[in-house]
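The sequence and structure come first.

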Amino acid sequence: SALGVGFIAWDEIAEISEYVFQGQTMLGVVPKDPERVFERVNRFKRMALRANARLGAAPINIPQVILPVSVRDLVEEIRSRYAQAIKQQSG
């Protein structure tokens, strides 16, 4: 998307959620350290990402309309893979 931040590693993610913002279902990604992620993008994107957060949205959002699966299914898959990744790192 126009506000894409690129790759975000598992250990950078604090929260993944499904929510509705301005009538649109979104996949929200909240980084543990948003400023660290924001440093990767240009100034325009950084300002837009911060604005999202001030509006009560997740800093990083993926709208349902651009996804080939439902946000709910994607959230479940991400949470499952996240749990597997954390388990592998600690074991």
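In which helix do R81 and E77 both lie, and how many residues apart are they? Both lie in helix α3, four residues apart, about one turn of the helix. The model is predicted: local features need pLDDT of at least 70, side-chain atom pairs count only at pLDDT 80 or more, and totals for chains, interfaces and linings use all residues. Residues are numbered from 1 along each chain as its sequence is written, and side-chain values use heavy atoms, with hydrogens and water left out.

- Three strands make up an open sheet, ordered β1-β2-β3, with antiparallel pairing. Helices (H or I, at least four residues) and strands (E, at least two) are DSSP runs, numbered from the N terminus, and two strands pair if DSSP finds at least two bridges between them.
- At the edges are β1 (13-21) and β3 (60-63), each of which pairs on one side only.
- From one strand to the next, the twist averages 25°. Axes are lines fitted to C-alpha atoms, for helices over the stretch in contact, and angles run from 0 to 180 degrees between N-to-C directions.
- Strand β2 (residues 24-31) runs antiparallel to β1, and eight bridges join the two.
- Opposite V20 stands T25 in β2.
- Helix α3 (residues 71-90) packs on the sheet and touches β1 and β2. The direction of helix α3 makes about 170° with that of β1. Contact here means heavy atoms within 4.5 Å.

- E12 is in the segment before β1. It counts as buried because its relative accessibility is 9%; buried means under 20% relative accessible area, exposed over 50%, and partly exposed in between (1.4 Å probe, protein chains only).
- Not counting residues up to four places away in sequence, E12 touches F7, P31, K32, R36, V37 and R40.
- N61 belongs to strand β3 and, at 16% relative accessibility, also counts as buried.
- A polar atom of the N61 side chain lies 2.7 Å from the backbone oxygen of A58.
- With residues up to four places away in sequence again left out, N61 touches Y19, M26, L27, G28 and N52.

**Salt bridges**

- The structure has four salt bridges, each defined as a side-chain nitrogen of Lys or Arg within 4 Å of a carboxyl oxygen of Asp or Glu. Side chains of opposite charge can pair when their charged atoms come close.
- R72 and E18 meet through their side chains at 3.3 Å, N to O. This pair links distant parts of the chain, with R72 in helix α3 and E18 in strand β1, 54 residues apart. E18 is partly exposed, its relative accessible area being 34%.
- E35 and R50 form another salt bridge, with 2.4 Å between the closest N and O atoms. E35 lies in helix α1 (residues 34-38) and R50 in helix α2 (residues 43-54), so this pair ties together parts that are 15 residues apart in sequence.
- Both partners are partly exposed: E35 has a relative accessible area of 36%, and R50 one of 30%.
- R81 forms a salt bridge with E77, and their closest N and O atoms are 2.6 Å apart. R81 counts as partly exposed at 47% relative accessibility, as does E77 at 38%.

Technical notes. Polar contact = N/O pair within 3.5 Å; in protein donor to acceptor, adjacent residues only side chain to side chain.
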